[in-house]
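Here is a short briefing for a first look at a protein model. Keep the sequence and the structure in view while reading.

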Amino acid sequence: MFKLVSLSSPSGLFENIVFRDGLNIILGRYSKSGKDINGIGKTTIINFIDYCLLSDGVKSELFKEKYDFLRRERIRLDFMLGGKKYSIERGFEDKKKVFFTTNGGDAKEYIDSDLRLILGSEMGRGQTGVYEPIWFRTLMSFFVQNDHNFSQRDATNVLKFTIGKRQPELFTFIFLILGIDNSLIWDFDNSSVELKSLRADQTRINKQIVEQTGKSIEDFRGECDSVSRKIDKLEEGLDNYQFDNNSADLEDKLQVLSEQISSLNKQYLYLVSKHRDIQESLQIDVDVDPDEVSGFYSEIHSEFSDFIRRSLNEVIEFRHEIATNRRKFLKEREAQYGGQLSEIKNKLISLETDRSKIFKMLDEKSAFDALKSAYANLVEEKSRLSSQLYYIEQLDHIEESIASKKSLVSSTVAKLIAKKNESIPTIDEIKSIFLDLVDGSVDIDSSDLSPYFNIEFKSNQSSPIKLSLEVPRGSSLGKGRFKILAFDLTVFISSVLRKTEFPSFLIHDGVFHAIAHKTRIKFLNYINSKLGELDGAQYIITVNEDEIIFPESEGVSIDLDFNLEDKILITLEDNPDHMFLGKEFG
């Protein structure tokens with residue numbers, strides 16, 4: 001179980017916040033001044049939690065100029081994961097430095113990217129399906145959502161809980177959290193990405209051919225065929241030429257030299273391309289410290305599951321190889337290609353010198369003037385064909401790969417359809433959780449629209465899975481907000497019921513904007529009751545008091561069925577003395 005214990009500040013920036021099981025409310029309250037209570041620090045608390053959980057997004061926010069006063073401060077998050085108590089402590093002078101403690105032991109210093117892998121591996125214990133430790137932060141962005149992230153979400157695509165991810169990727173993550181086998185959708189996503197890359201390469205080469213020759217691909221292929229036939233005719237004519245013994249010997253030497261020169265020219269063109277690729281690769285900079293990761297695991301984990309050994313060792317080995325050897329390897333390969341290019345160039349010069357001598361000897365024999373011209377023409381045509389065939393060979397190889405990858409995508413989609421029945425029991429449980437939540441939060445009987453939550457598998461090569469849900473109608477913005485809220489809680493409750501090492505906490509910041517008053521209260525009453533059935537689950541929300549406490553004049557006929565004070569983590573007000581850090585943000 002992955003649950004939060006407390007948020008504190010060793011430097012005394014704020015008083016400890018202790019998290020409880022169940023509903024945890026960060027409340028914004030109006031003082032007598034009646035000032036706006038946005039910017040009093042509610043979101044800052046969420047950002048501090050996310051910062052300790054190694055987020056890059058809030059790291060960028062917290063290192064802006066308006067937070068300069070934090071530079072000498074420190075914050076600390078205590079949490080439970082896999083039966084152990086961990087602590088992460090961070091300051092605001094170094095963006096990467098993190099201090100990590102296990103079971104109250106000595107703090108060890110890491111960089112945030114390495115600690116993500118460590119926590120990702122811990123969180124991945126016992127997970128079924130495809131899981132990678134490097135997904136730690138992507139998955140965490142579902143469980144920790146601040147006001148900015150939540151407000152940017154689109155009700156027409158509730159899966160898009162994080163930016164920069166493709167739809168199949170999002171299904172991979174959501175299926176993993178829900179407990180639906182994600183291995184085939186993972187295969188589909190990888191194959192689709194590779195297919196897209198191959199098609200991009202195909203387009204690039206086609207464009208190069210058009211730009212360099214001014215011909216269409218079809219015309220270019222035709223020209224290559226024409227040159228090839230011309231070469232065949234020249235070689236046939238030269239084969240039929242009659243020579244005396246001395247002349248035949250010169251001709252044999254000239255033919256061998258010409259073939260060697262043609263072959264070296266082709267190698268030279270290929271190595272120039274490889275040399276350029278190596279030089280571009282040298283621009284990549286990798287920042288990783290795999291020794292500390294390996295050291296940590298050798299110390300705090302005496303037994304590994306097969307899964308942890310595989311996933312973490314592969315990641316650490318991969319990062320170690322890249323960080324330690326890649327630049328050296330690329331430099332050596334660059335030098336190797338450079339040396340080969342220089343060697344080929346020297347050979348070409350030598351061969352051309354020898355060929356010139358033979359041509360000179362043939363010049364002395366007027367009978368061979370035609371022969372020399374024919375050979376010169378032959379060599380020129382072969383060299384031209386060699387450079388052209390390089391593009392054609394690349395195109396042919398890419399087209400073969402595209403055909404193979406398209407077949408693999410089709411096969412994966414067919415397997416998804418064939419195995420969909422295996423997921424039906426899990427999907428039915430998810431639907432039940434969703435419908436119970438909506439029924440407990442909204443007056444369904446008064447709506448002309450029935451709620452639903454569907455996951456469908458289709459024989460669609462571009463998008464074989466469709467997830468759709470609907471909630472009873474309301475205001476446009478409020479309905480969209482509640483739809484996202486209902487989706488997130490459905491996924492979260494489903495995950496908690498599976499008793500994995502995924503977070504048993506969900507954090508929502510500013511989620512009630514535009515949702516009807518009655519729906520807010522019914523939702524909170526339902527969630528508070530539901531959380532009581534879930535062992536150790538934590539739902540942490542930020543709300544303003546006017547979102548859940550209404551004047552009698554508004555005619556709201558429903559009240560909270562729990563004591564609000566018992567659920568409040570911290571109360572913040574619109575005056576500096578009662579703001580989170582003693583000043584306003586926003």
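Does Ser262 count as buried or exposed? Ser262 counts as buried, because its relative accessibility is 15% and the cut-off for buried is under 20%. This is a predicted model. The protein has 17 helices and 13 strands. Of its 586 residues, 48% count as buried.

- Ser262 sits in helix H9, which covers residues 245–281.
- Leu348 is 86 residues away from Ser262 in sequence. In space, the C-alpha atoms of Ser262 and Leu348 are 9.4 Å apart.
- Across the protein, take the contacts between residues at least 6 apart in sequence. Of these, 73% join residues at least 24 apart.

**Salt bridges around Arg116**

- The protein has a count of 24 salt bridges.
- One of them pairs Asp56 with Arg116, with the closest N and O atoms 2.9 Å apart. Asp56 lies in the loop between helix H1 (42–52) and helix H2 (57–62), and Arg116 lies in helix H3 (residues 112–123), so the pair ties together parts that are 60 residues apart in sequence.
- Asp56 counts as partly exposed, because its relative accessibility is 39%. Arg116 is buried, with a relative accessible area of 15%.
- Arg116 also forms a salt bridge with Asp112. Here the closest N and O atoms are 3.7 Å apart.
- Arg116 and Asp112 are 4 residues apart in helix H3, so about one helical turn separates them.
- Asp112 counts as buried, at 4% relative accessibility.

- The side chains of Arg153 and Asp488 meet in a salt bridge, at 2.6 Å from N to O.
- This pair links distant parts of the chain, 335 residues apart. Arg153 is in the loop between helix H5 (147–151) and helix H6 (167–178). Asp488 is in helix H14 (residues 476–497).
- Arg153 and Asp488 are both buried.

- Lys59 lies in helix H2.
- Lys59 is buried, with a relative accessible area of 10%.
- Which residues does Lys59 touch, leaving out those up to four places away in sequence? They are Tyr51, Arg90, Lys95, Asp112 and Arg116.

- Helix H4 spans residues 136–143 and is mostly covered. In H4, 8 of its 8 residues are buried.
- Those buried residues are Phe136, Arg137, Thr138, Leu139, Met140, Ser141, Phe142 and Phe143.
- H4 packs with H6 at an angle of about 70 degrees. Their axes are 11 Å apart.
- H4 and H6 are therefore roughly perpendicular to each other, because angles of 65 to 115 degrees count that way.
- The crossing of H4 past H6 is right-handed.
- On the H4 side, Thr138, Leu139, Phe142 and Phe143 make the contact.
- What kinds of residue make up the contact of H4 with H6? There are 6 nonpolar residues, 1 polar residue and no charged residues.

**Two residues with positive phi**

- Leu54 has a positive phi of about 75 degrees although it is not a glycine.
- Leu54 lies in the loop between H1 and H2. It counts as buried, at 0% relative accessibility.
- Lys499 is not a glycine either, yet has a positive phi of about 55 degrees.
- Lys499 is in the loop between H14 and strand E11 (505–509).
- Is Lys499 buried or exposed? Lys499 is exposed, because its relative accessible area is 66% and the cut-off for exposed is over 50%.

Notes. Residues are numbered from 1 along each chain as its sequence is written. This is a predicted model: local features need pLDDT of at least 70, side-chain atom pairs count only at pLDDT 80 or more; totals for chains, interfaces and linings use all residues. Side-chain values use heavy atoms; hydrogens and water are left out. A salt bridge is a side-chain nitrogen of Lys or Arg within 4 Å of a carboxyl oxygen of Asp or Glu. Buried means under 20% relative accessible area, exposed over 50%, partly exposed in between (1.4 Å probe, protein chains only). Axes are lines fitted to C-alpha atoms, for helices over the stretch in contact, and angles run from 0 to 180 degrees between N-to-C directions. Angles under 35 degrees count as roughly parallel, over 145 as roughly antiparallel, 65 to 115 as roughly perpendicular and the rest as oblique. A crossing is left-handed if the near helix is turned anticlockwise from the far one by less than a right angle, and right-handed if clockwise. Contact means heavy atoms within 4.5 Å. Ala, Val, Leu, Ile, Met, Phe, Trp, Tyr, Cys and Pro count as nonpolar, Asp, Glu, Lys and Arg as charged, and the others, Gly among them, as polar.
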